[in-house]
Amino acid sequence: MSTHLAAALVIFCLLQIFIVAKMGGSLLLHLGIIIAIGGFAVAARGLERRWEMLDQSGLSCHGLALRFRRDLVQLWSASIIGGLLWIPVAIIFRALFG
């Protein structure tokens, strides 16, 4: 899970930076990126702790595999969709503040 968390965080960061840069991001949007990345990192650490506890729980391989696949889908969905959410935010910000 750690490898997936690290890769998802990198993709999340790159998507945000690329989108805000393409949309002509201001200082306020860049500060928003910092806050979003910090929130994602905190959530990722929580998921990492969950997997440390699940690893020690003695669940069957099938039970762990099912949870792993579910968590991977949620992780990558959140990473990609969360990064793409900056598109409407940047458009609205640009419309309001030029």
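## Secondary structure

In this predicted model, the protein chain is built with four helices and zero strands. Read from the N terminus onward, its elements follow the order α-α-α-α.

## Overall dimensions

The radius of gyration of the protein chain is 16 Å, whereas a compact globule of 98 residues would have a value near 13 Å. Taken along the principal axes, the box that the C-alpha atoms of the protein chain fill is roughly 55 × 20 × 20 Å.

Contacts between residues at least 6 apart in sequence can also be sorted by their separation along the protein chain, and 78% of them join residues at least 24 apart.

## Burial and surface

Of the 98 residues in the protein chain, 29% count as buried. The accessible surface of the protein chain amounts to about 6,300 Å², and carbon and sulfur atoms account for 74% of that area.

## Charges

The protein chain carries 8 positive and 4 negative charges, and the mean position of the positive charges lies 11 Å apart from the mean position of the negative charges.

Definitions and conventions: Residues are numbered from 1 along each chain as its sequence is written. This is a predicted model: local features need pLDDT of at least 70, side-chain atom pairs count only at pLDDT 80 or more; totals for chains, interfaces and linings use all residues. Side-chain values use heavy atoms; hydrogens and water are left out. Helices (H or I, at least four residues) and strands (E, at least two) are DSSP runs, numbered from the N terminus. The radius of gyration is taken over C-alpha atoms; the globule rule is 2.2 Å times the number of residues to the power 0.38. Buried means under 20% relative accessible area, exposed over 50%, partly exposed in between (1.4 Å probe, protein chains only). Contact means heavy atoms within 4.5 Å. Accessible areas come from the Shrake-Rupley method with a 1.4 Å probe; for residues, only the protein chains shown count as cover. Lys and Arg count as positive and Asp and Glu as negative; His and the chain ends are not counted. The place of a charge is taken as NZ of Lys, CZ of Arg, CG of Asp or CD of Glu.
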